[in-house]
Amino acid sequence: MADTVTRIKQELSQNAFIDKTFPMLTGWGVKDEDVLIHSLGCSVWNTLGHQLGFMAVVEAPAPSGAGNDIRSDSVWFSYTTRTPEVVVEFERYDGSKSDKAKLTSKLMNLLEAYHRWNKKPSLLVLSFWSKDVVSAPDIRELNQLANYGATNSKGVFIPGIDGAQLLINRFFFEDTVSQKLFLQSVSFWEA
């Protein structure tokens, strides 16, 4: 899976992939309206999955389980094994306590999806976007949750990941006087 992580970092860190495929994020600017940035982020991840040789599906439902319905923002299937290899969640983050809880909830969705897919995914990506400088989420706490699991909103304990990797990612936007956001950088944290 290290190869996939390396390739993701190469494609997103240099901005060339995003410049070419989604210039609205880097060159045109995008207004923070409704869920437009969420839609663009999910599209970036899904298109990147295809670019890297996977069959990527947006809003892919995980098999049924004990918790809520889970529709991951992007799931990348291997053409060879026909199983999910990468599961992605993309979320807005403003540094507030409620947004920190939302990131934790998205990580729980990734854990549940991982187990519902019979531990087939080898990479879980928790991706978030923010504008301007905000306090960072507690990466150590998120990694611990991924490793040791937690109880979901239905009271069911979801174990941690076993043999998979968590990649945490941030899309950082600059807010301008034109009220358009421009992607400035993409950063990563690995567990």
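**Rings, cores and a sheet**

Modeller: The structure holds 8 aromatic pairs. This is a predicted model, and local features need pLDDT of at least 70, side-chain atom pairs count only at pLDDT 80 or more, and totals for chains, interfaces and linings use all residues. Residues are numbered from 1 along each chain as its sequence is written, and side-chain values use heavy atoms, with hydrogens and water left out.

Biologist: Okay, why is the pair of Trp45 and Phe171 called edge-to-face?

Modeller: Rings of Phe, Tyr and Trp (its six-membered ring) pair if their centres lie within 6.5 Å; planes under 30 degrees apart are stacked, over 60 edge-to-face, and the rest tilted. Trp45 and Phe171 sit 6.4 Å apart, centre to centre, with 70° between the planes, so they pair, and they pair edge-to-face.

Biologist: And what makes you say that this pair links distant parts of the chain?

Modeller: Trp45 is in helix 4 and Phe171 in strand 7, 126 residues apart. Helices (H or I, at least four residues) and strands (E, at least two) are DSSP runs, numbered from the N terminus.

Biologist: How do you know whether Trp45 and Phe171 are buried or exposed?

Modeller: Buried means under 20% relative accessible area, exposed over 50%, and partly exposed in between (1.4 Å probe, protein chains only). Trp45 comes out at 0%, so it is buried, and Phe171 at 1% is buried too.

Biologist: Which rings are linked into a cluster?

Modeller: Ring pairs join Trp45, Phe54, Trp76, Phe90 and Phe171.

Biologist: Why is a group of residues called a nonpolar core?

Modeller: The name goes to a set of buried Ala, Val, Leu, Ile, Met, Phe, Trp, Tyr and Cys residues joined through side-chain atoms within 4.5 Å. The largest one here has 31 residues, and those touching the most other members are Ile8, Leu12, Ile18, Leu25, Trp45, Trp76 and Phe171. Helix 4 (36-51) is among the elements giving two or more residues to this core, and helix 4 gives the most, 6 residues. Apart from it lies another core, of 29 residues, including Ala60 and Met108.

Biologist: What does Trp45 touch?

Modeller: Contact means heavy atoms within 4.5 Å. Leaving out residues up to four places away in sequence, the contacts of Trp45 include Ile8, Leu12, Trp76, Phe90 and Phe171.

Biologist: What makes strand 4 largely enclosed?

Modeller: 8 of its 9 residues are buried, so the rest of the structure largely encloses strand 4.

Biologist: Why is the unit of strand 3, helix 5 and strand 4 called right-handed?

Modeller: A crossover is right-handed if, with the strands pointing away from the viewer, the path from the first strand over the helix to the second runs clockwise. Strand 3, helix 5 and strand 4 make a β-α-β unit of that right-handed kind.

Biologist: And how do you know whether Ser72 is buried or exposed?

Modeller: Ser72, in strand 2, has 1% relative accessibility, so it counts as buried.
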